[in-house]
Amino acid sequence: MEIGDFIKELSSPRRKPFYLVFGGDPAATRLCLETARNVVDPSFAAFNYRQFSLEELEKSKWKQLTSELISCPFGPAPKIVVLLVNETEKPSADGLESLGKLRPRINSASTLIMILQGKADERFKFFKDVAKEGVDVDCRAPDKANLPGWLIARFKDQGLKIDPDTARFMIDRIGQNPGALLNEVAKLAVYPGPEKPINVKDISSFVCHGPTAEMYELGAPLAEGKLQTALPILSDLLETSAPLVILKALGTYFFKMIRVKAILDETEDKATNAALSSGSGAHPFQVKRIRSQLEHWSLPALKTALEALEETQRAMVTSSAPPELALQALAVKLACLAKGTA
């Protein structure tokens with residue numbers, strides 16, 4: 001079921017006693033919650049709207065949930081009960097069995113909405129049955145290809161305008177987590193606000209780097225041989241990100257560099273920035289910077305850099321030495337390659 005169909009149905013006589021909202025798109029989840037609250041008569045909301053967390057139910061509140069759902073609403077229908085399951089939680093087999101037994105007993109004037117801020121585990125019969133009945137609401141987070149369009153829509157929700165290139169710039173800067181992106185949209189709605197379209201300068205000034213923003217945080221200074229700039233950044237990233245995540249980010253950056261270099265060599269340095277962006281996967285705003293960085297690099301040196309990245313990954317997995325040391329050694333190696341001293 002699409003979210004629009006869920007919103008219409010929940011507000012109509014066709015409202016069903018149970019819905020499963022899944023997928024983890026924070027904007028869609030918020031809309032589902034707002035809809036659930038709004039269908040309850042505001043004069044009786046204190047009696048007819050209830051919200052539970054999975055943690056609460058695990059602490060002997062299953063009886064309370066059951067009591068809420070089998071009893072009639074106080075005043076006009078409907079009574080809405082929401083069960084929130086965050087993305088780090090997984091309903092137990094016993095919990096799902098309890099929900100399965102409860103569903104047929106739900107009062108006809110009540111509805112239980114289970115919101116999974118993640119995927120439904122289709123190995124469980126409970127989720128298979130829900131899918132067959134068509135009461136599952138698809139709120140999956142957008143994939144990488146659709147994320148810029150999703151972000152533009154979220155800006156529009158706030159009365160803000162942003163073009164596709166700037167949206168991709170923001171995603172590269174902060175990462176692909178929809179929740180983190182949504183938080184930054186909310187901040188930009190306050191300042192600089194809706195007076196004018198949001199541009200790259202605004203994103204650079206007001207949006208913090210994410211832990212996977214490899215284009216700006218760590219890859220760029222290493223590609224330019226600026227070890228003194230790179231090491232403090234690496235130290236900061238290690239406080240919030242796993243070493244393998246940082247290594248993956250660096251790998252992505254240098255793979256894009258080698259693709260740009262290969263295209264430039266094939267075209268005798270005549271490729272346009274648009275062609276380089278299309279062929280390498282690098283953002284148009286990033287291609288110009290990468291192109292200047294490649295003045296420090298030959299194709300053999302870039303291949304050596306990729307070999308160093310692979311060696312570092314093996315060392316992290318097989319060596320007893322701290323992975324932080326392996327990353328620091330890699331940073332020195334890459335900076336030296338950029339300087340031509342490796």
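This is a predicted model: local features need pLDDT of at least 70, side-chain atom pairs count only at pLDDT 80 or more; totals for chains, interfaces and linings use all residues.

Student: Okay, helices. At what angle do α13 and α17 pack?
Tutor: About 20 degrees. Helix α13 covers residues 243-266, helix α17 covers residues 323-339, and their axes are 10 Å apart.

Student: So what do we call that arrangement of α13 and α17?
Tutor: Roughly parallel. Angles under 35 degrees count that way.

Student: And which hand does the crossing have, left or right?
Tutor: α13 passes α17 in a left-handed crossing.

Student: Which residues meet there?
Tutor: From α13, take P243, I246, L247, L250 and F254. On the α17 side they meet P323, E324, L327, L330 and L334.

Student: How does that contact split by class?
Tutor: Nine residues are nonpolar, one is charged and none is polar.

Student: Now α2 and α9. How do they cross?
Tutor: At roughly 75 degrees, with the axes coming within 9 Å. α2 is residues 26-38 and α9 is residues 178-190. That makes α2 and α9 roughly perpendicular to each other.

Student: Who makes the contact?
Tutor: P26, A27 and R30 of α2, together with P178, G179 and L182 of α9. By class, that contact has four nonpolar residues, one polar and one charged.

Student: Switching topic. How many aromatic pairs are there?
Tutor: The count is nine aromatic pairs. F6 with Y19 is an aromatic pair: edge-to-face, 5.1 Å centre to centre, with 80 degrees between the planes.

Student: Where do F6 and Y19 sit?
Tutor: F6 lies in helix α1, residues 3-10, and Y19 in strand β1, residues 18-22. The pair therefore ties together parts that are 13 residues apart in sequence.

Student: Are those two buried or exposed?
Tutor: F6 is buried, and Y19 is buried too.

Student: What about F47 and F74, how are their rings set?
Tutor: Their centres are 4.7 Å apart and their planes are at 40 degrees, so the pair is tilted.

Student: Which parts of the chain does that pair link?
Tutor: Distant ones, 27 residues apart. F47 is in helix α3, residues 45-48, while F74 is in the loop between α4 (54-70) and β3 (79-85).

Student: And how accessible is F47?
Tutor: Its relative accessibility is 42%, so F47 counts as partly exposed.

Student: Last one. Which residues do ring pairs link into a cluster?
Tutor: F18, F124, F126 and F127.

How values were computed: Residues are numbered from 1 along each chain as its sequence is written. Side-chain values use heavy atoms; hydrogens and water are left out. Axes are lines fitted to C-alpha atoms, for helices over the stretch in contact, and angles run from 0 to 180 degrees between N-to-C directions. Helices (H or I, at least four residues) and strands (E, at least two) are DSSP runs, numbered from the N terminus. Angles under 35 degrees count as roughly parallel, over 145 as roughly antiparallel, 65 to 115 as roughly perpendicular and the rest as oblique. A crossing is left-handed if the near helix is turned anticlockwise from the far one by less than a right angle, and right-handed if clockwise. Contact means heavy atoms within 4.5 Å. Ala, Val, Leu, Ile, Met, Phe, Trp, Tyr, Cys and Pro count as nonpolar, Asp, Glu, Lys and Arg as charged, and the others, Gly among them, as polar. Rings of Phe, Tyr and Trp (its six-membered ring) pair if their centres lie within 6.5 Å; planes under 30 degrees apart count as stacked, over 60 as edge-to-face and the rest as tilted. Buried means under 20% relative accessible area, exposed over 50%, partly exposed in between (1.4 Å probe, protein chains only).
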